[in-house]
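Please keep the sequence and the structure at hand while reading.

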Amino acid sequence: MSLHHSRHHKTYITNLNALLVTQAEALQSKDIVKQLELQPLIKFQGGGHVNHSLFWESLAPTGSTETVPVTSAPALLKVIAERWGSLEQFKDAWTKVALALQGSGWVWLVKDVHGRSVDIVTSKDQDLPRGELGTGAAGGGLRVPVLGLDMWEHAYYLQYWNDKKEYVGKWWNVVNWKKAEERWKAEKIDEIYGSLSGLMSRL
Ligand code: MN3
């Protein structure tokens, strides 16, 4: 995890900062072609920074009170039980989605911004878990992340080699349910992306 944080995440930040400088120059010089070329690169490096920031925020030390779902996330657990039957069934569903993910990407527990529905979704590479969630009578809205798990090989290969299932299983021991509960209760997107809101507006 420390290598993941200090090397992999740092690289996204370094690359993003360089791209934002280049973007500012392209805006200044009104170089439209350059601006267009930069967009997918900024999306990738910026997404890497945002997704990893969400990831670190939702971890807590093994055995800490934050990792106990019953006491740290009562409201979210109720919603999970309504949607999947129980926490264990939710974890089973999560593991299936995580192990079926092809290539690099992320698994997310998302809610619609109004908190009317929850779902498990994936995003490719460093895409954010954007999109719409929920339709019909209950209504829906923009998807926002509650929990995210990095399924890039760099997240697990050192400690778990090729055993993705063990990585996913052990990850539950360090999930910060208190943070997940906060995100579940958050009514505004800014509350979820937190200190990243300044960066988000620049992107
Ligand atoms: Mn990563």
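Lys30 sits in the loop between α1 and α2, and in this predicted model the phi angle of Lys30 is near 55 degrees, a positive value in a residue that is not glycine. With a relative accessibility of 67%, Lys30 counts as exposed, because that value is over 50%. A phi near 55 degrees, again positive and again in a residue other than glycine, is also found at Trp161, which belongs to the loop between α6 and α7. Trp161 is exposed as well, its relative accessible area being 66%.

Thr65 is a further loop residue, placed between α2 and α3, the latter covering residues 69–72, and at 59% relative accessibility Thr65 counts as exposed. The side chain of Thr65 makes a polar contact of 3.4 Å with the side chain of Glu66, and beyond the neighbours within four places in sequence Thr65 is in contact with Thr71 and Ser72. Although Thr65 and Trp177 are 112 residues apart in sequence, their C-alpha atoms are 8.9 Å apart in space.

The table sets out the relative accessible area of residues discussed in this report.

| Residue | Relative accessible area | Class |
|---|---|---|
| Lys30 | 67% | exposed |
| Trp161 | 66% | exposed |
| Thr65 | 59% | exposed |
| Tyr160 | 15% | buried |
| Gln45 | 13% | buried |
| Ser123 | 5% | buried |
| Leu109 | 0% | buried |

Which residues have the most contacts inside the largest nonpolar core? That core has 48 residues, and the ones with the most contacts inside it are Phe90, Trp94, Leu109, Trp171 and Trp177. Apart from it lies another core of 6 residues, which includes Leu16, Leu19, Ala26 and Ile42. In soluble globular proteins, nonpolar side chains tend to be buried together.

Leu109 is part of strand β1, which spans residues 105–112, and is buried, with a relative accessible area of 0%. Not counting residues up to four places away in sequence, Leu109 touches Leu76, Ile80, Trp84, Phe90, Trp94, Val118, Asp119, Val144, Pro145, Val146 and Leu147. Trp171, for its part, touches Phe55, Leu59, Trp94, Leu147, Gly148 and Leu149 once residues up to four places away in sequence are set aside.

Gln45 is placed in helix α2, residues 32–57, and counts as buried because its relative accessible area of 13% falls under 20%. A polar contact of 3.4 Å joins the side chain of Gln45 to that of Asn15. Apart from neighbours within four places in sequence, Gln45 is in contact with Thr11, Tyr12, Asn15, Leu16 and Leu19.

Ser123 lies in strand β2, residues 118–124, and is buried, at 5% relative accessibility. The side chain of Ser123 reaches the backbone oxygen of Asp127 at 2.8 Å, and, leaving out residues up to four places away in sequence, Ser123 touches Ser104, Gly105, Trp106, Trp108, Leu128 and Pro129.

The last topic is the largest pocket, which holds about 280 Å³ of space. Of the 16 residues that line this pocket, those closest to its centre are Met1, Ala155, Gln159, Tyr160 and Tyr167. Helices α1 (2–28), α6 (157–160) and α7 (164–171) each contribute at least two residues to the lining, and the lining residues divide into 9 nonpolar, 6 polar and 1 charged.

Is Tyr160 buried or exposed? Tyr160, found in helix α6, counts as buried, because its relative accessibility of 15% is under 20%. Its contacts, aside from neighbours within four places in sequence, are with Glu166, Tyr167 and Lys170, and of these Tyr167 is also among the residues closest to the pocket centre. Tyr160 and Arg143, by contrast, are 17 residues apart in sequence and 31 Å apart in space, C-alpha to C-alpha.

Conventions. Residues are numbered from 1 along each chain as its sequence is written. This is a predicted model: local features need pLDDT of at least 70, side-chain atom pairs count only at pLDDT 80 or more; totals for chains, interfaces and linings use all residues. Side-chain values use heavy atoms; hydrogens and water are left out. On a 1 Å grid over the protein atoms alone, a cavity is a set of points where a 1.4 Å probe fits but cannot get out, and a pocket is an open set with protein on both sides within 12 Å along at least five of seven lines; lining residues have an atom within 4 Å of a point. Grid points are joined across faces, edges and corners, and a volume is the space filled by probe spheres set on the points. Helices (H or I, at least four residues) and strands (E, at least two) are DSSP runs, numbered from the N terminus. Ala, Val, Leu, Ile, Met, Phe, Trp, Tyr, Cys and Pro count as nonpolar, Asp, Glu, Lys and Arg as charged, and the others, Gly among them, as polar. Buried means under 20% relative accessible area, exposed over 50%, partly exposed in between (1.4 Å probe, protein chains only). A polar contact is a pair of N or O atoms within 3.5 Å; within protein, one must be able to donate a hydrogen and the other to accept it, and residues adjacent in sequence count only if both atoms are side-chain atoms. Contact means heavy atoms within 4.5 Å. A nonpolar core is a set of buried Ala, Val, Leu, Ile, Met, Phe, Trp, Tyr and Cys residues joined through side-chain atoms within 4.5 Å.
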